[in-house]
Amino acid sequence: MSSLITLPAVLDLRAAEPLKAQILAVRGQEALLDVSAVERLGGLCLQVLLSAIATWRADGQALTFINVSEAFASQWSAFGASAADLAPQGQLA
Amino acid sequence: MSDDPFEAIKVTFFQECSELLGDLETNLLALETGEGDIETINAVFRAVHSVKGGAGAFGLEDLVRFAHVFETLMDELRSGRKECDDVTVKTLLRASDVLADHIAAAQGTGAPVDAARSAGLVAELEVLTHGQATPAVAAAPVVADEDDFGFKPLTLDLADFGAPAELPSLDLPALDLPSLDLPDLAAPSAAALTAGWRIVFRPHPRLYASANDVSLLLRELTRLGQTSVELDASGLPSLEALDAEDAHLIWTIVLTGDVTEAAVRDVFDFVEMDCDLSITALDGGSPSAETALPPLPVLDAAPAEPAFDLAALLAQAKAPVEAAPVAAPAPVAAAPKPVAPAAPAPAAPSPVASAPAAAPSAPAAVAPVTIRVDLDRVDRLINVVGELVIQQAMLAQRVMESGLARSSDIALGLEDLELLTRDIQDSVMAIRAQPVKSVFQRMPRLVREVAEMTGKRVRLVTSGEDTEVDKTVVERLAEPITHMLRNAIDHGLESPEEREAAGKPAEGTVRLAALHRSGRIVIEIADDGKGINRPRVRGIAVDRGLIAEDAVLTDDEVDNLIFLPGFSTAETITDVSGRGVGMDVVRRSIQALGGRISISSNPGKGSTFTLSLPLTLAVLDGMVVSAAGQTLVAPLSAIVESLTPRIEDVHYVGGHDAVIRFREEFVPMVDVGRVMGFRDDATTLTGGVVMIVETEAGSRAALLVDAINGQRQVVIKSLETHYRQVDGVSAATILGDGSVALILDIDALVIAGHRKSNRPELKMAS
């Protein structure tokens, strides 16, 4: 089964801890992160997302970003983060 | 203060903005008068840059855009590419006004910014910067559009968490610099340019905690030139082990283009204490030099110990760069490179972070170390110290009542305690004391604007800006001073033509001065205009029924009629001074602070408003006296001398108004018990004591009381807050025996005394 997590519009300092908890709550499952609403991505939430990607990868599970807007993708790559991580991967349930 | 950390930081930002605006104004005015130098220009640049940086962090785009244009011109000035002439300074002054508007609008305290005015100034600034209204695109092709980040996305290889000991060495594709071709596009003098900068940046958790973000810094860098960003996430623990507010990422940015090291450092201006930062020049000819980076030290996967020895890494990385043959030495290469001693424990402040301090060339003034403290905390402290003073007084009284000898150890110890208490109180009060500069600094702008609106030429001369007074008083001074300055220019000064016709210089002068006088702060606003038209003022007062037609008034009394409610002398209501409701409101707000306002005028020569306020609203040195069975406190600052009146020195004017001879002068006597309404009958002089007091206006009076009980420092408790305003009383206090005593308002008391004696002025000619 897969779990859908919708990310809030502003992923700043305050959003980091809740985001981590939200994603961690579905550990062991395939995760779908809906980033359509995200307007602002900050460094701390980027850390959470990168760590989640690596953690899921280590678990052999799929973690997939869905509804990736241009704005999100450009902020993501502005950080120097790999665009490949945004591409669909694993198997969608 | 808000619980929301973001809002709290924003509040701090706006506080800083107001300080920065003050600095800006001061420095621009120094430039205007020719007192400025390169450090002044640098200071202006820094102020604008700081506003811009903070505004960027809060996404205040309008403010950022305006500040950017402003800053660009300042950069031209400080680099010497543009001369700082009179026209430029005048434009900068107006730009600082608009910058203040943008800040006020962003803060929500001001009206929306006048877009046309702002755009007009942007155009003016750009003309000064580039010689034409539109930014010279050809000259700066690498400046990315604000919405186009221009980043080159790079592949990130995340480390496997299972193998902390085997970290991938840094993959550096960024060094295959496509942007090294840039000189072809950009300036022809490629040889003089640096190839760019390699910036290694590792934020600390503090950086995020103070509402900064890497995204903003990266974005700022893209404004400088072409960037390629590489992210090292190898220190990132697994999600479970991750502390979401800790910082684990390291960025390496290669910035290419004609950018000075100072410009790069400026981007990190706000965060340099909150990150590890290394900025090294790229050598266009030998990109391979950079590939000699040693492998990263082994990272510990545990989040508690992100052992990252950036300093050591940099030290090693730098060596090959320096060893490489340098074909075209960049001008900035001479700048001191950050020294990189071995980093101590990761928790300790990084030595790399402090290194940039060595880079700026101009020696900046050493600023005193300060901390920001919530005002509530200071006030709580002041309250508690106030209670301590009261308690100490009560204890002293008990000890005295117990009959202990004055020389006993307890009594002596108590005296020491009193001195100590006093020291504590003075120190605590000093925390709240602030120079009036913060208010005075706002006035040049006001004067410029009012002068423009009224078509008058005005020079503002300020003095005593460093005079300190309680914060509350400072804050409440702004409005009355603003109003009186407007009034002075609008009503006081004549038009340039009128002035010339009267044989005065076309430019009028308004003086704004602050000084300490007899334990109070006095603010004077003086103009060299036409002075008050007394017959007209009098006529209006009669017309409005404010005074009787046959009232006999001194010149001063006529002048002070303008403070009566609803009095307006402006025949046409102007935008500037409003509807004439102001002066009585000004007087009321000053009175509410325990202050007084008066005006003196010299026809044809000008008028002077004098505002007098207590320095603090918390403590007072007072003389405790008794009158008609009541304990009262007279402010010590007003008392000149105390004496026992001799019957032969007292004379009566008109049979009932007593005056006393004091040092060859006759001084009117005020029977305190009677004037205050404690008793109806007149005191007999025998057995009473007289205190000679001096009023604000400098006149003297003799206050007659029953006895003087001693001198004491008292804690002021507002009567208005707990009861209501009482004529002749400025506040109340609690004495050592726990009783409440009223603090006398000397001036009001003397005036009331005159009124009771039904004589407006008592000047004895023996």
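**Figure 1. Helices H2 and H3 of chain B pack against each other.** In this predicted model, the axes of helix H2 (residues 38–57) and helix H3 (residues 61–78) of chain B come within 9 Å and cross at roughly 155 degrees. Axes here are lines fitted to C-alpha atoms, for helices over the stretch in contact, and angles run from 0 to 180 degrees between N-to-C directions. H2(B) and H3(B) are therefore roughly antiparallel to each other; for the labels, angles under 35 degrees count as roughly parallel, over 145 as roughly antiparallel, 65 to 115 as roughly perpendicular and the rest as oblique. H2(B) passes H3(B) in a left-handed crossing (left-handed if the near helix is turned anticlockwise from the far one by less than a right angle, right-handed if clockwise). Among the residues that meet are Ile41(B), Phe45(B) and Val48(B) from H2(B), with Leu63(B), Phe70(B) and Met74(B) from H3(B). Two residues are in contact if their C-beta atoms, placed from the backbone, lie within 7 Å. Sort the residues of this contact by type and you get 13 nonpolar, four polar and four charged. Nonpolar covers Ala, Val, Leu, Ile, Met, Phe, Trp, Tyr, Cys and Pro, charged covers Asp, Glu, Lys and Arg, and the others, Gly among them, are polar.

A quick note on reading the labels: residues are numbered from 1 along each chain as its sequence is written, while chains are lettered from A and ligands numbered from 1 in the order in which they are written. Since this is a predicted model, local features need pLDDT of at least 70 and side-chain atom pairs count only at pLDDT 80 or more, while totals for chains, interfaces and linings use all residues. Helices (H or I, at least four residues) and strands (E, at least two) are DSSP runs, numbered from the N terminus.

**Figure 2. Pro112 sits in a loop of chain B.** Look for Pro112(B) between helix H4 (86–107) and helix H5 (115–130) of chain B. Pro112(B) counts as exposed because it has 10 C-beta neighbours inside 10 Å. The cut-offs go like this: buried means 20 or more other C-beta atoms within 10 Å of a residue's own, exposed means 12 or fewer, and partly exposed is in between, with C-beta atoms placed from the backbone. Pro112(B) and His102(B) are ten residues apart in sequence, and their C-alpha atoms are 7.8 Å apart in space.

**Figure 3. Five strands of chain B make an open sheet.** Follow the order S7-S9-S10-S12-S11 in chain B, where the pairing is mixed. Two strands pair if DSSP finds at least two bridges between them. Strand S7 (458–463) and strand S11 (596–602) of chain B stand at the edges with a single partner strand each, so one side of each has no neighbour in the sheet. On average, neighbouring strands of this sheet are turned by 15 degrees against each other, direction ignored. S7(B) and strand S9 (residues 508–517) of chain B run parallel and are joined by six bridges; Leu460(B) stands opposite Val510(B) in S9(B). Helix H15 (residues 443–454) of chain B lies across S7 and S9 of chain B, at about 165 degrees to S7(B).

**Figure 4. Six strands of chain B make another open sheet.** Here the order is S15-S19-S20-S18-S17-S16 in chain B, with mixed pairing. Strand S15 (639–643) and strand S16 (650–653) of chain B are the edge strands, each pairing on one side only. Neighbouring strands of this sheet are turned by 35 degrees against each other on average, direction ignored. Strand S17 (residues 657–661) and strand S18 (residues 666–671) of chain B run antiparallel, with three bridges joining them. Arg661(B) has Phe666(B) in S18(B) as its bridge partner.

Figure 5. Ala628(B) has a phi near 50 degrees, a positive value in a residue other than glycine. You'll find Ala628(B) in the loop between strand S13 (619–627) and strand S14 (630–635) of chain B. Ala628(B) is partly exposed because 18 other C-beta atoms lie within 10 Å. Over in chain A, Asn67(A) has a phi near 55 degrees and sits in the loop between strand S5 (63–66) and H3 of chain A.
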